[in-house]
Every structure is written in C-alpha cells, then in structure tokens.
Amino acid sequence: MYKITLIPGDGIGPEVAFAAKKVIDATGVKIEWDIQNAGAGVIEEFGTPLPEHVVESIKKNKIALKGPITTPVGTGFRSVNVALRKELDLFVNLRPAKTYEGINSRYENIDLVIVRENTEDLYAGIEHMIGPDIAESIKIITRKGCERIVRFAFEYARKEKRKKVTAVHKANIMKCTDGLFLEVARGIASEYSDILFEDMIVDAMSMKLVQDPEAYDVLVMPNLYGDILSDLTAGLIGGLGIAPGANIGEEVAIFEPIHGSAPNIAGQNKANPTAIILSAVLMLRYIGEVEAADKIEKAVSKLIKEGKLLTPDLGGNVGTVEYADAVISALE
Ligand code: NAD
C-alpha cells in the first residue's frame, strides 16, 4: 500500500485530479490518498495558500499528484507552484512530449523528454535597476546544479531505455555560465558509454525541433531554455490538454500537468483530464508500478486513436467524468 498526497488544486483542478484518481484506483494499485488542499481557497482558514501541513504531507509521503493552482494576478500572493518547487528543492522539471495517433499534429513519431533544470539560471529572478535606464539580471549556474540535472538526465535515459541525451546551451556566447553547464555535461556523458551524447546550441535546437523533432530523445538544459522549448514541444504534440509533467527532487516528487487552472471552463465538466492522467502514468512508473502505467497509457492511446469519446478541446463532446469512465472501460 502506497500513501500518496493528492492536491486537487482549484479551477478545473479538482475535476481532473479526481478523474485521474478514479483511473489509477481502477488499475488495482493500492494507494491510500492523503488529500490536501492548497491555493486561494484555504487562505481564510490558514492565513496562507500553502499551509505547512500540506508541505509536511508531501515530505512524509514523498510522492504527490497535483492539480493546477491559480496564481491571482496583482494580489501579492506568491505562486504556490513555485513555492513548492523551492521549498522542496525540486530541481528537475520533467516534460515528456509524445504524439498520439488521432491528435492533430504535424508529426507522427515524436517521443522526447525535456529535462529542465528547475532552480537556477536567469529564472531565479535576481534582477535590479542600475539607475532609471539600465536593468540587470543575474544568471547563476553552479557546478552542483549542472551535475545533478545532467546526471538525472542520464540515469533517466538508462532507466527508461532511451538512447540519446542532447545537452542544450549557448556556450559559444555565454562562455562562463553555459560553458560550465556544457563542461559538466561532457564530463558526465563520458561515464555513460551506453548512451549517445551530443550537444546543441539552443537556437539551432529550436530549428531542429520544428524541422525534425522525431530525431530527439532526452534533452537536458538550463531553466530558461527548458521553459521555452518545453512549451514548443507541447505545441508540437497537440497542446496543453495532453501534456504531462513532473517536478522531482532528491527526496520527493510532485506529478502535475503543464496546464493551468483554466478558469474559463472550470466547474463545467469540460476539462480534459488526459494531461493529469498521463502525469499519473509518470508517477506510477516512478514508483515502479510499470504495468499499471502501461495499462493506463494504452487505454488513453486507444481512446484518442478511436476519436469517438473525446473532450471538447480535442474536438469531442464528452465530459471530464465520462472521459475518465471511458479510460477505465478501456483498461485491459
Ligand atoms: P491555462 O493552462 O489554465 O489555460 C489556457 C487555455 O487552455 C484555456 O483556454 C483553457 O481553457 C485551456 N486548457 C487548459 N487546460 C485544459 C484542459 N485540461 N482541458 C481543456 N482545456 C484546457 O493557462 P492560463 O489561463 O494562463 O492560467 C490560468 C491559471 O492557472 C493562472 O492563475 C496560472 O497562474 C495558473 N497556472 C497554474 C499552473 C500550475 O498549477 N502548475 C500552471 C500554469 C498556470
């Protein structure tokens, strides 16, 4: 019996999170769900959108499945999603991009994974004005940060039987920061003779991903490039409704879809739960429940390929609940 924290989130979060829970439970994997609420809805009761007991639950259980949480603009409360990544030192942002037959995409055989560093780089937001007319942002890249993300990429490639790791950088221009990233990547690559290694400059990578995404496997990169390229690859496979993700640290991991809380369709039984269901597939693989993970992924692929029972974002007219039930019926 596993104990896993479930954070339903807000907006479409609870609809898609409980749909995913139902699908996972239907595989027969025994999970005791520790349901924890976070976000704007708990501020009145606990004085914060991220109460300490929620963080403690994740630390204790080590694994969480999470729905999206709204970050209101202009109210000053910090993004719960960013706070969780910082507080738990979740240094990996894992974003697979895979084509499913039946979804409108320009490509047929994309199956790549972006391993994005999640804590450093320009993304740390260390910025200031130097007088009124000059703004400066500081890009921090550390050897430790590079080592742990590159090593994760190679270990992931080995575990998932993938063949190639591509390190993405701009070391020709940023010789110190990206130069350090590339130096570390080359060093670690030499320890993995079973996995091919190449490096590519981020601008060339952008072009290649649009022209020939099927040629790539595992891509590892600093934070900002990962932020941009992983949205590009989500676009290549047909959009947000089917793009899963995970934030992983040394001790704990949180699995969540890439999309947000979609307030425009919240509470209407219209949200596509596929992205969180596929995030749960990543979670099941991570904890070693590979058979259940494969079953769910096969069921989702089958439904999408058949194209009869799809949510409105994919051109169908089936609700969130009915879609989840159809996934359960398709489990073999
Ligand atoms: P969004 O992803 O919520 O929505 C963008 C568009 O995609 C909308 O039209 C929405 O209806 C559609 N969409 C998204 N997910 C869908 C799904 N599963 N099924 C069908 N359609 C879907 O992005 P946004 O509007 O920029 O953000 C809304 C809120 O979500 C913001 O407060 C933002 O901060 C938050 N957010 C949270 C997370 C997270 O919790 N990790 C991630 C991104 C955004």
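Setting aside neighbours within four places in sequence, Glu 256 touches Lys 66, Asn 81, Arg 85, Pro 244, Gly 245, Ala 246, Asn 247 and Ser 279. Keep in mind that this is a predicted model. Glu 256 sits in the loop between β12 (253-255) and α9. Is Glu 256 buried or exposed? Its relative accessibility is 8%, and because buried means under 20%, Glu 256 counts as buried.

Now for Lys 139, which you'll find in the loop between β7 (134-138) and α5 (143-159). Lys 139 counts as buried too, at 15% relative accessibility. Leaving out neighbours within four places in sequence, its contacts are Asp 121, Leu 122, Met 174, Thr 177, Asp 178 and Tyr 225. With two of these, the Lys 139 side chain makes polar contacts, as the table shows.

| Side chain | Partner side chain | Polar contact distance |
|---|---|---|
| Lys 139 | Asp 121 | 3.4 Å |
| Lys 139 | Asp 178 | 2.8 Å |

Next up is helix α10, residues 290-306. Its 17 residues reach 24 Å from first C-alpha to last, close to the 24 Å expected. Which residues of α10 are buried? They are Ala 292, Ala 293, Ile 296, Glu 297, Ala 299, Val 300, Leu 303 and Ile 304. These cover an arc of only 160° around the axis, so they end up on the same side of α10. An α-helix has 3.6 residues a turn, so residues three or four places apart point the same way.

What covers the buried residues of α10 includes α1 (13-26), β4 (92-98), α9 (274-286) and α11 (320-330). Over on the other side of α10, Glu 291, Lys 298 and Lys 305 are exposed. After α10 comes Gly 307, with a positive phi near 70°.

Definitions and conventions:
Residues numbered from 1 in each chain as written. Predicted model: local features only at pLDDT ≥ 70, side-chain atom pairs only at ≥ 80, totals over all residues. Heavy atoms only, no water. Helix = DSSP H or I, 4+ residues; strand = E, 2+ residues; numbered from the N terminus. Expected span 1.5 Å × (residues − 1). Buried < 20%, exposed > 50% of the residue type's maximum accessible area, 1.4 Å probe, protein only. Arc of directions from axis to C-beta. Contact = heavy atoms within 4.5 Å. Polar contact = N/O pair within 3.5 Å; in protein donor to acceptor, adjacent residues only side chain to side chain.
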